[in-house]
Amino acid sequence: MGPFYFRELEGGVRECMFTPTERHNNNGGNTHGGALMTFADYALFAHSAHVRTGPYVTVQFESQFIGAGVAGIPLFSRGEIIRTTRDLIFVRGVLTQNEKPILSYSGIIKKVVPR
């Protein structure tokens with residue numbers, strides 16, 4: 001998968017980017033849903049980097065396919081933190097391609113507590 005990238009925007013917001021290639025396609029010729037979900041999972045962590053301390057893992061992930069991605073055109077993710085607790089961060093976002101929504105997603109990541 002990947003490569004995945006992010007850049008810092010104003011106010012500490014991060015925008016993520018991934019350009020799918022033909023190897024990321026499904027049999028229908030569109031970007032495979034698994035590739036989109038993997039990129040969205042990466043984005044959960046990029047969008048929450050400014051509030052995370054220590055290692056985290058994904059404990060819940062949900063997505064809704066809104067459109068079809070195509071190879072050769074960058075996909076972008078913009079996301080936001082909905083809530084934080086002592087050990088959890090709730091994030092949601094949207095993947096877009098050519099400014100059209102492709103995938104809506106949300107997830108919860110949890111701080112890893114050493115045993």
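**Salt bridges and their setting**

Modeller: Of the contacts in the protein chain between residues at least 6 apart in sequence, 61% join residues at least 24 apart, a contact being heavy atoms within 4.5 Å. The model is predicted, so local features need pLDDT of at least 70 and side-chain atom pairs count only at pLDDT 80 or more, whereas totals for chains, interfaces and linings use all residues. Residues are numbered from 1 along each chain as its sequence is written, and side-chain values use heavy atoms, with hydrogens and water left out.

Helices (H or I, at least four residues) and strands (E, at least two) are DSSP runs, numbered from the N terminus. For 115 residues, a compact globule would have a radius of gyration near 13 Å, and the 14 Å of the protein chain agrees with this; the radius is taken over C-alpha atoms, and the globule rule is 2.2 Å times the number of residues to the power 0.38. Buried residues account for 32% of the 115 residues, where buried means under 20% relative accessible area, exposed over 50%, and partly exposed in between (1.4 Å probe, protein chains only).

Turning to the part in question, five salt bridges are found in a search of the whole structure. The term denotes a side-chain nitrogen of Lys or Arg within 4 Å of a carboxyl oxygen of Asp or Glu. Side chains of opposite charge can pair when their charged atoms come close.

Among these bridges, Arg 7, Glu 15 and Arg 78 are linked in a network. Glu 15 pairs with Arg 7, with 2.7 Å between the closest N and O atoms. Glu 15 is buried, at a relative accessible area of 8%. Glu 15 also forms a salt bridge with Arg 78, the closest N and O atoms being 3.2 Å apart. Because Arg 78 lies in strand β4 (residues 75-84) and Glu 15 in strand β2 (residues 14-18), this pair ties together parts that are 63 residues apart in sequence. Arg 78 counts as partly exposed, with 49% relative accessibility.

Another salt bridge joins the side chains of Glu 8 and Arg 14, at 2.6 Å from N to O. Here Glu 8 is partly exposed, at 47% relative accessibility, whereas Arg 14 is buried, at 18%.
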